[in-house]
Amino acid sequence: MPNSIVLGTGSYAPERVLSNADLEKMVATNSEWIVSRTGIKERHIAADHEATSDLAAAAARKALDFAGVSAAEVDMIVVGTVTGDTPTPSCAAYVQELLGARNAFCFDVAAACAGSLYGLTIADQFIRTGMVKRALVIGAETLSRYVDWTNRETCVLFGDAAGAILLGATEEAGHGLLAATLRTDGSLTKILGIPGGGSRLPLSEEMLATKDSKIKMRGREVYRVATRLLPEVVAETLAKAGLSPDDVTHVIAHQANQRIIESALDNLGVPRDKCWINIDRFGNTSSASMPITLDEANRAGKLKKGDIIAMMAIGAGMTWGGAVLRW
C-alpha cells in the first residue's frame, strides 16, 4: 500500500494589507491590545473581484509549479473552505475550471479552520487505496466578507488567503503521512460560527439586521477548548506513529491566536521555536492557515528529508485534528 508524500506547496495572499493602525480608524481598538491578545499585526483582504476560488487557484498553481506537475496530472481536488464562491456548486469545481484540471474529481470539506487538515487526511486515504496518484489539497477563505467590521472582538482576527499542498504516492516506507486523528464535538457549535444564511436561519431582512450572517464567537470559551484539545490530539497522533513530542522537528499549526499556539506547545512539551509563526502577517485565515504555514517553512528551506512534522488545527464545530508526517 503506497504512502502519500508532499510533492509541492503553494500559497497566495491578496495584495491589500489591512494593518492594526488601519483598524484603529475603523473601530474602537488599538494595535497594542490586538498584538498582546492575538499576535496579529496585519491581515490581507481580497479585492472586490476576487472570489475564494481565485485565491485557491493561485495557491494551487504555485504548488504545481513547485512540483513540476501539470494540472492535467491531478486526479483529485479537495478544498477546505466555509466561504465558497456559491452555496453550490463546490468551490473545488470552480478551481478545477480555473486550473484546467479536467481529469480531477472535486469536492469541498466544510470543517472550518481544520478544513485543510481534514482534506489532507481524506486525500491520503484515496492515495493509500490506489484510487488516485496525485491530489491537490487546498485551504482557501475570504473571511473578510463574513466579518462584522463594527465588532472589535472579531474583526481584528480574520484575513483572506489560500494555501495548497500537492500530495503524491510513494512506495518509500516510513515517509509521508504517518498518522492522523480527526475529532468533532457538535455540542460546541454555538461558541464559534456563522449562524445565519443556511436552512436553520435563511436570509431575511431580520437576520441581516441582527448580523447573524457574520462570524459570531465566544472568545474565552474557544480559547479554553483549543488549549486543552490541541495538545491532546497531537500527543495521540504521535503515539499512533510510534513517536513522542521529543521526536518532533517542526510544528505546523493553524494560526488562530499566538497565545493558543504557545499554550498548546507548552502543554505538549515541544519548544516554541520549533513552530513556524506567521499570524502576525496573516491573521486567522481559517482553513488556509496550515498549508500557508507549511509552504512558508518549505520555501524557506527549513524542512529536511527525515524531519518529523506535527500538524494541528481546530475550528468551528468544534472540529479539530492532528497529523504527523516524515518529510
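**Figure 1. Five strands form an open sheet in the order S1-S7-S6-S4-S5, with mixed pairing.** The edges are held by S1 and strand S5 (105–109), each with a single partner strand, so one side of each has no neighbour in the sheet. On average, neighbouring strands of this sheet are turned by 20° against each other, direction ignored. Helix H10 packs on the sheet and touches S1, S6 and S7. The direction of H10 makes about 95° with that of S1. The model shown here, and in every panel that follows, is predicted.

**Figure 2. Strand S1 (residues 3–12) runs antiparallel to strand S7 (residues 160–170).** The two strands are joined by 9 bridges. Two of the residue pairs can be picked out in this view. Glycine 10 has alanine 164 of S7 as its bridge partner. Although S1 is an edge strand of its sheet, 7 of its 10 residues are buried, so S1 is largely enclosed by the rest of the structure.

**Figure 3. Strand S6 (residues 134–142) pairs with S7 in one sense and with S4 in the other.** Towards S7 the pairing is antiparallel, over 9 bridges. Arginine 134 has glycine 168 of S7 as its bridge partner. Towards strand S4 (residues 76–80) the pairing is parallel, over 5 bridges. Here valine 79 stands opposite isoleucine 138 of S6. S6 is mostly covered, with 8 of its 9 residues buried.

**Figure 4. Alanine 60 sits in helix H3 (residues 52–67).** Alanine 60 has a relative accessible area of 0% and is therefore buried. Leaving aside residues up to four places away in sequence, alanine 60 touches Leu99, Leu136, Ile138 and Ala164. Two of these contacts link back to earlier views. Ile138 belongs to S6, where it stands opposite valine 79. Ala164 belongs to S7, where it is the bridge partner of glycine 10. Valine 95 is 35 residues from alanine 60 along the chain, and the C-alpha atoms of the two are separated by 8.7 Å.

**Figure 5. An open sheet of 4 strands has the order S8-S13-S12-S11 and mixed pairing.** Its edge strands are S8 (176–184) and S11 (250–253), and each pairs on one side only. From one strand to the next, the twist averages 15°. S8 and strand S13 (residues 319–326) are antiparallel and share 8 bridges. Within this pair, alanine 179 has valine 324 of S13 as its bridge partner.

**Figure 6. Helix H10 (residues 289–299) lies across S11 and strand S12 (308–315).** H10 runs at about 145° to S11. This helix also packs on the 5-stranded sheet, where it touches S1, S6 and S7.

**Figure 7. The second largest pocket holds about 230 Å³ of space.** Its lining has 17 residues. Those nearest the centre of the pocket are Ile5, Val6, Gly176, Arg326 and Trp327. S1, S7, S8 and S13 each supply at least two residues of the lining. S1 and S7 belong to the sheet of 5 strands, whereas S8 and S13 belong to the sheet of 4.

**Figure 8. The largest cavity holds about 50 Å³ of space.** The count comes to 1 cavity of 30 Å³ or more. Its lining consists of Leu230, Ala253, His254, Ala256, Ile260, Ile261, Met312, Ala313 and Ile314. Helix H8 (258–268) and S12 are the elements that give two or more residues to this lining. S12 gives the most, with 3 residues. By class, the lining has 8 nonpolar residues, 1 polar residue and no charged residues.

Technical notes
Residues are numbered from 1 along each chain as its sequence is written. This is a predicted model: local features need pLDDT of at least 70, side-chain atom pairs count only at pLDDT 80 or more; totals for chains, interfaces and linings use all residues. Side-chain values use heavy atoms; hydrogens and water are left out. Two strands pair if DSSP finds at least two bridges between them. Axes are lines fitted to C-alpha atoms, for helices over the stretch in contact, and angles run from 0 to 180 degrees between N-to-C directions. Contact means heavy atoms within 4.5 Å. On a 1 Å grid over the protein atoms alone, a cavity is a set of points where a 1.4 Å probe fits but cannot get out, and a pocket is an open set with protein on both sides within 12 Å along at least five of seven lines; lining residues have an atom within 4 Å of a point. Grid points are joined across faces, edges and corners, and a volume is the space filled by probe spheres set on the points. Ala, Val, Leu, Ile, Met, Phe, Trp, Tyr, Cys and Pro count as nonpolar, Asp, Glu, Lys and Arg as charged, and the others, Gly among them, as polar. Buried means under 20% relative accessible area, exposed over 50%, partly exposed in between (1.4 Å probe, protein chains only).
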